[in-house]
Every structure is written in structure tokens, then in C-alpha cells.
Amino acid sequence: MTQDAFMQFIATHDLYSFDGLLEITLVGGISHRAVWITTLPELKPAVDGSFEGLPETECFYLFDKKEYLMLNVESMDSVKCVQEEYLK
């Protein structure tokens, strides 16, 4: 999946309130029910060399594992919205 395709998915389902139940399928076939939290900005190289130019990262909360997952959209095969306003 591309970053543009993922952001279009978020806009199409109006998931900016971070309350939609999603099913994300990772490359390799593993699926999780999750809620999207936010996009973390690209971390460009720091003056002191702390960062090495990491790309944007998506933060999800996985309901089945009860933990947070940080990943790049390239590691996602697909994402679908199971229910909008799930957490309301």
C-alpha cells in the first residue's frame, strides 16, 4: 500500500476522530482488528545524527493483542473499515 492510498482511505471513511474499527492485513497475510491513532512525521537526519531519515510511520492500536503497532504503509497489504464511529 502507498502513503497516498492510505491517506485517501482515511479521508474516504472520515477516520480523523480515530474511532473507526479497521482490519489491517500485513504483507505476509497476518490480519488484525485495530484503530488508527495517527501518522508520525518523517524523521529526517538530525544535526547530531540521532535519526537516519525514517519515513512516515502509522500508529495503530491492535485490539486482539492489546498493544500498539508502529508500521510503514508499505508493510500493509490492505486495510478495510469494518465500522465507522466504533469507539463512540
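These legends describe close-up views of a predicted protein model.

**View 1. Confidence across the model.** The model is predicted, and the protein averages a pLDDT of 91. Of the residues, 100% score at least 70. Among the named elements, confidence is lowest in helix 1, residues 3–12, at a mean of 94. Strand 1, residues 21–26, has the highest, at 97.

**View 2. Strand 1 and its two partners.** Is strand 1 mostly covered or mostly open? Five of its six residues are buried, and the strand is mostly covered. Strand 5 runs antiparallel to strand 1, and six bridges join the two. In that pairing, L26 stands opposite M76 of strand 5. Strand 2, residues 31–40, is also antiparallel to strand 1, with four bridges between them. Here T25 has S31 of strand 2 as its bridge partner. In a regular strand, side chains alternate between the two faces of the sheet.

**View 3. The hairpin turn.** Strands 1 and 2 form a hairpin. Four residues lie between the two strands. G28 sits in this turn and has a positive phi of about 110°.

View 4. Side chains of opposite charge can pair when their charged atoms come close. R33 forms a salt bridge with E23, and the closest N and O atoms are 3.9 Å apart. R33 belongs to strand 2 and E23 to strand 1, 10 residues apart. R33 is partly exposed, with a relative accessible area of 39%. E23 is partly exposed too, at 22%.

**View 5. D19 and K88.** Which residue meets D19 in a salt bridge? The partner is K88, at 3.9 Å from N to O. The pair links distant parts of the chain, 69 residues apart. D19 lies in the loop between helix 1 and strand 1, while K88 lies in the segment after strand 5. D19 is buried, with a relative accessible area of 6%. K88 is exposed, at 68%.

**View 6. E42 and K44.** How many salt bridges does a search of the whole structure find? The search finds three. One of them joins E42 to K44, with the closest N and O atoms 3.6 Å apart. E42 is partly exposed, at 42% relative accessibility. K44 is exposed, with a relative accessible area of 53%.

**View 7. Aromatic rings.** The count of aromatic pairs comes to seven. F18 and W36 form one that is tilted, 5.4 Å centre to centre with 45° between the planes. F18 lies in the loop between helix 1 and strand 1 and W36 in strand 2, so the pair ties together parts 18 residues apart in sequence. F18 is partly exposed, at 37% relative accessible area. W36 is buried, at 5%. Y61 and Y68 have ring centres 5.1 Å apart and planes at 65°, so this pair is edge-to-face. Y68 is exposed, at 56% relative accessibility. One aromatic cluster is formed by F6, F9, F18, W36 and F60.

**View 8. Two residues with positive phi.** Most residues other than glycine have a negative phi. D14 is not a glycine, yet has a positive phi of about 50°. D14 is found in the loop between helix 1 and strand 1. D14 is exposed, with a relative accessible area of 55%. E85 also has a positive phi, near 55°, and is a residue other than glycine. E85 lies in the segment after strand 5, which spans 76–83.

Conventions
Residues numbered from 1 in each chain as written. Predicted model: local features only at pLDDT ≥ 70, side-chain atom pairs only at ≥ 80, totals over all residues. Heavy atoms only, no water. pLDDT = per-residue confidence, 0-100. Buried < 20%, exposed > 50% of the residue type's maximum accessible area, 1.4 Å probe, protein only. Pairing = 2+ DSSP bridges. Phe/Tyr/Trp six-rings, centres within 6.5 Å; stacked < 30°, edge-to-face > 60°. Salt bridge = Lys/Arg side-chain N within 4 Å of Asp/Glu carboxyl O.
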